[in-house]
Number of protein chains: 2
Amino acid sequence: MPKFTHHIFICCNQRSAGSPRGCCDPAGSEALRNAFKAEVKKRGLDPLVRANVAGCLDQCECGPTVVIYPQEIWYGGVKLADVPRIIEETVLHGRVLEDLHIPDEKLNTKPRAATQPTAGVLFDSFQANC
Amino acid sequence: MPKFTHHIFICCNQRSAGSPRGCCDPAGSEALRNAFKAEVKKRGLDPLVRANVAGCLDQCECGPTVVIYPQEIWYGGVKLADVPRIIEETVLHGRVLEDLHIPDEKLNTKPRAATQPTAGVLFDSFQANC
């Protein structure tokens with residue numbers, strides 16, 4: 001069979017509480033990944049669309065973080081409620097969701113401020129930080 | 001900064017002993033990922049080359065499995081000794097290593113035989129199966 005058309009990696013990394021970089025999955029529940037997996041299955045997109053657990057994607061300041069390959073589309077601040085529209089818009093129609101998109105200049109920049117104490121703060125301030 | 005030039009995902013999935021699909025990291029040691037990480041660091045390729053832990057990449061029969069994005073290069077039967085030449089040949093020079101390469105027709109085919117009882121057997125018979 002062909003390669004995956006969309007290989008979606010969802011950061012499920014856990015850091016210790018209070019890490020200055022934040023954490024994409026502080027509860028360690030893999031809830032976001034499970035939501036992607038369920039949506040892919042519901043729409044009959046498997047096996048060529050895959051929602052994969054990933055360790056730290058190194059964009060913690062923008063978390064929860066997701067990357068879709070081979071399209072190289074990075075999303076940050078992703079919430080459970082965003083999953084259906086990511087599948088609908090990006091996977092099925094090739095449209096990048098600008099409100100979630102992490103632009104290149106924000107990738108691979110490591111910690112940008114020392115005042116980002118919790119994942120919750122990072123999550124709430126995604127637009128400002130990423 | 002730019003996106004990753006090479007985002008290397010190494011399957012670190014564990015299955016229960018005796019799983020018919022085999023397992024890419026039966027010891028749960030993440031040794032292969034750690035070898036990639038060390039090689040990337042040694043050559044000063046970070047942060048734009050990244051060796052990432054991944055959950056099951058769903059090509060278990062060809063494991064231990066690695067995929068490099070956005071190039072979409074799949075490797076199977078990867079041993080620790082292969083790590084330096086993957087970095088040298090594929091990451092630095094863009095050459096696909098044919099002895100490790102999983103061709104498209106072998107991807108996403110799920111179990112192909114009921115007689116593949118252990119990761120060791122799968123590993124040893126990579127060329128025949130994948």
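From the N terminus on, the elements of chain A follow the order β-α-β-β-β-α-α-α, which gives four helices and four strands; here helices (H or I, at least four residues) and strands (E, at least two) are DSSP runs, numbered from the N terminus. The model is a predicted one, in which local features need pLDDT of at least 70 and side-chain atom pairs count only at pLDDT 80 or more, while totals for chains, interfaces and linings use all residues. Residues are numbered from 1 along each chain as its sequence is written, chains are lettered from A and ligands numbered from 1 in the order in which they are written, and side-chain values use heavy atoms, with hydrogens and water left out.

Of the 130 residues of chain A, 50% count as buried (under 20% relative accessible area, with exposed over 50% and partly exposed in between; 1.4 Å probe, protein chains only). Among contacts (heavy atoms within 4.5 Å) in chain A between residues at least 6 apart in sequence, 66% join residues at least 24 apart.

With 0% relative accessibility, I8(A) counts as buried. Leaving aside residues up to four places away in sequence, the residues that I8(A) touches include F36(A), V49(A), A51(A), V66(A), I68(A), I87(A) and V91(A).

Helix α2 of chain A (residues 83–92) has V83(A), I86(A), I87(A), T90(A) and V91(A) as its buried residues. They span an arc of only 110° around the axis, so they lie on the same side of α2(A); the arc is that of the directions from the helix axis to the C-beta atoms. Their cover includes β1 (6–11), α1 (31–42), β2 (49–54), β3 (66–69) and β4 (73–75) of chain A. Just after α2(A), G94(A) adopts a positive phi of about 70°.

In the pairing of α1(A) with α2(A), L32(A), A35(A), F36(A), E39(A) and V40(A) of α1(A) meet V83(A), P84(A), I86(A) and I87(A) of α2(A). The two helix axes come within 9 Å and cross at roughly 50° (lines fitted to C-alpha atoms over the stretch in contact, with angles from 0 to 180 degrees between N-to-C directions).

Finally, chain B can be laid on chain A with an RMSD of 0.0 Å by a turn of 180° and a shift of 0.0 Å along the axis, and the two copies are thus related as by a two-fold rotation axis. Copies are superposed by least squares on the C-alpha atoms of residues with pLDDT of at least 70 in both.
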